[in-house]
Amino acid sequence: MSRYRYPALPESEVTPKALFDARRRFLRRGVALGAAAAAPGLLWPRDAAAWREALQGRLDDDLDTRRLAGGEATTDYEDATSYNNFYELGNRKSDPEVFAHKLVTDPWSLTVEGEVDKPGTLALEDVLARETLEERIYRLRCVEAWSMVIPWIGFPLRDLLERHGPTSRAKYVLFEAIHDPDNLRGQRRSILDWPYREALRIDEAMHPLTLLAVGMYGEIMPNQNGAPIRLVVPWKYGFKSIKSVVRIALTEERPTPSWVAQNPEEYGFYANVNPHVDHPRWTQARERRIGERGKRETLMFNGYGDEVADLYSGMDLDRHY
Amino acid sequence: MLSARSCITAFRLLVLAGCATPGLWIGWQWFYGDLGAVPSEAVVHFTGRTGLILLLTTIAFGPAFRLTGWVGFMIARRQIGLWAFFWLLAHMLSWIGLDQYWDWPWIVKDMVDLPYVRYGVAGLTLLVPLAVTSFKRVRQAMGEHAWHWLHRLVYVSAALGVTHLWILTRADYLMPSLFLAVLLLLVAFRIVDAILHRQ
């Protein structure tokens, strides 16, 4: 009996990427339409902005506020929404605000998968319905040596992860942001390996300070700040706090975040705020607080050492930067 | 028709306008608070970029003269070179005053510790003797040969400036690549020209 040979596929039969993508879009729409038609009692597809309406209602209630920035003044809303790093929308600080409308957030769903007992993809409104929202005022320290104080609105990441039941093999948590090069100008250039990826160790992810934020300054998250749902890890450099998250995967192996892949010499996996370990090209000892003159001394773990230093006991933070 | 003399005068006025207008623009923006969340950073970036563009333009006036034979380029070169020096000086002063807020211990520490600051300071320092010797009398006292040798430092200064910008860049190297390409083109022209016209 002759051995079976896989037929060789000529290059000419490979589907062009544009066609492939178009087909995928068509299928997605078909699925959405089918789901809408099948939903009992729903004549129309579910409102794309359902999460927005649900969230707005919740924001109008009084939320508990925890002030965790040592009483430092919050940054002006205007500054916090016009001076951003969100390379998907362009790499000048003003680009994210200018191109904010290019980020399509309605509808939005979040996938939780990997080492969990209950994986699943949920519409954002269903994610929000499960969680208790609160306001948290945190410092935000960018790796570029500037900082802000932001009143976030969100819920602990831990609450969400526990609902999905992490298995004993869940050692790390990978976050993936939106990938939409048709609309996001930054993703049409390969300055980073898109989509943007970030990751935390499971104990960091389960830490009570680690937040999934859906709003700030009492409002729904502005697009340029990572709408509709983003991570906030206040003791790490800002690039760890990934914006516009679509997927969370619990893993056994340590994932490689986008910035680590881009330049492992300059960006470490941990990226804890540390005034004693300089970025190879600039100093991390001081920072410019947006809205202030001159500079401030940068605090170890961005001032959250009492809460998080235990996570790293015994680790050489010069090496694990 | 304009006479040759008026052409040169018009060109000198054009250079004046080209070098001074960015200053009016940034001053206007500063005054009306249009420079965003961190105006000091915007000023430092703008003065640096303008200075480097003018420095490369100064260098480009040489090739422009070689290619067109029009003396206007040589006559206006001192003028634009001094403007480049002025803008780069403004760049350093705005970094010291607006960004570092006159915090001298830190300014000195950054100059010692940070490669991009070192390259920047070195590039600007090299321009000082060029600015000083740009006056006609000094030039005549030096003699043309020595003067020309000294003023080749402008290439070193521009290379340091591009390096300074390159080091500072995060992720997107489009702009520094353009500056580097222009500098390499100018150096290549200078070398080819020297070989072709060796006497």
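This is a predicted model: local features need pLDDT of at least 70, side-chain atom pairs count only at pLDDT 80 or more; totals for chains, interfaces and linings use all residues.
## Chain A overall

Chain A holds 9 helices and 13 strands. Of its 321 residues, 39% are buried.

An unreviewed UniProt entry annotates residues 105-256 of chain A as "domain: Oxidoreductase molybdopterin-binding". Over those residues the chain is 38% strand and 12% helix.

Strand E4 of chain A spans residues 134-141. Of its 8 residues, 6 are buried, so the strand is largely enclosed by the rest of the structure. The cut-off for buried is 20 or more other C-beta atoms within 10 Å.

E4(A) pairs with strand E1 (residues 65-67) of chain A and with strand E5 (residues 146-156) of chain A. The pairing with E1(A) is parallel and covers 3 bridges. Here Thr65(A) stands opposite Glu135(A). The pairing with E5(A) is antiparallel, with 8 bridges. Arg136(A) has Trp152(A) of E5(A) as its bridge partner.

E4(A) and E5(A) also form a hairpin, with 4 residues between the two strands. One residue in the turn, Ala145(A), has a positive phi of about 70°.

## The five-stranded sheet

Which strands make up the open sheet of chain A, and in what order? The order is E3-E2-E11-E6-E7, 5 strands in all, and the pairing is mixed. Strand E3 (120-123) and E7 of chain A stand at the edges. Each has a single partner strand, so one side of each is left without a neighbour in the sheet. On average, neighbouring strands of this sheet are turned by 15° against each other, direction ignored.

Strand E6 (residues 172-177) of chain A pairs antiparallel with E7(A) through 5 bridges. Phe175(A) stands opposite Glu198(A) of E7(A). E6(A) also pairs antiparallel with strand E11 (residues 245-251) of chain A, over 6 bridges. In that pairing, Glu176(A) has Arg247(A) as its bridge partner.

Is E7(A), residues 197-201, largely enclosed or open? Of its 5 residues, 4 are buried, so E7(A) is largely enclosed by the rest of the structure. Yet E7(A) is an edge strand of the sheet.

## The loop around His279

His279(A) lies in the loop between helix H8 (258-262) and strand E12 (286-289) of chain A. Is His279(A) buried or partly exposed? It has 17 C-beta neighbours inside 10 Å and therefore counts as partly exposed.

Leaving out residues up to four places away in sequence, His279(A) touches Val143(A), Glu266(A) and Gln284(A). Glu144(A) is 135 residues from His279(A) along the chain, but their C-alpha atoms are separated by 8.8 Å. Residue Ala145(A), described above, is in the turn between E4(A) and E5(A).

## Chain B: a helical span

For residues 47-162 of chain B, UniProt lists "domain: Ferric oxidoreductase", again from an unreviewed entry. This span is 89% helix and 0% strand. Its end C-alpha atoms lie 14 Å apart.

## Chain B: helix pairs

Helix H2 (residues 39-68) and helix H3 (residues 72-99) of chain B have axes that come within 8 Å. The two axes cross at roughly 160°. That makes H2(B) and H3(B) roughly antiparallel. Their crossing is left-handed.

Helix H5 (residues 115-132) and helix H8 (residues 153-168) of chain B form another pair, with axes that come within 8 Å and cross at roughly 160°. H5(B) and H8(B) are therefore roughly antiparallel to each other. This crossing is left-handed too. On the H5(B) side, the residues making the contact include Pro115(B), Tyr116(B), Tyr119(B), Gly120(B), Gly123(B) and Leu127(B). On the H8(B) side they include Leu153(B), Val156(B), Ser157(B), Leu160(B), Gly161(B) and His164(B).

How values were computed: Residues are numbered from 1 along each chain as its sequence is written. Chains are lettered from A and ligands numbered from 1 in the order in which they are written. UniProt positions are given in the numbering used here, feature names are shortened, and annotations may be inferred rather than shown by experiment. A residue is buried if 20 or more other C-beta atoms lie within 10 Å of its own, exposed if 12 or fewer, and partly exposed in between; C-beta atoms are placed from the backbone. Two strands pair if DSSP finds at least two bridges between them. Axes are lines fitted to C-alpha atoms, for helices over the stretch in contact, and angles run from 0 to 180 degrees between N-to-C directions. Angles under 35 degrees count as roughly parallel, over 145 as roughly antiparallel, 65 to 115 as roughly perpendicular and the rest as oblique. A crossing is left-handed if the near helix is turned anticlockwise from the far one by less than a right angle, and right-handed if clockwise. Two residues are in contact if their C-beta atoms, placed from the backbone, lie within 7 Å.
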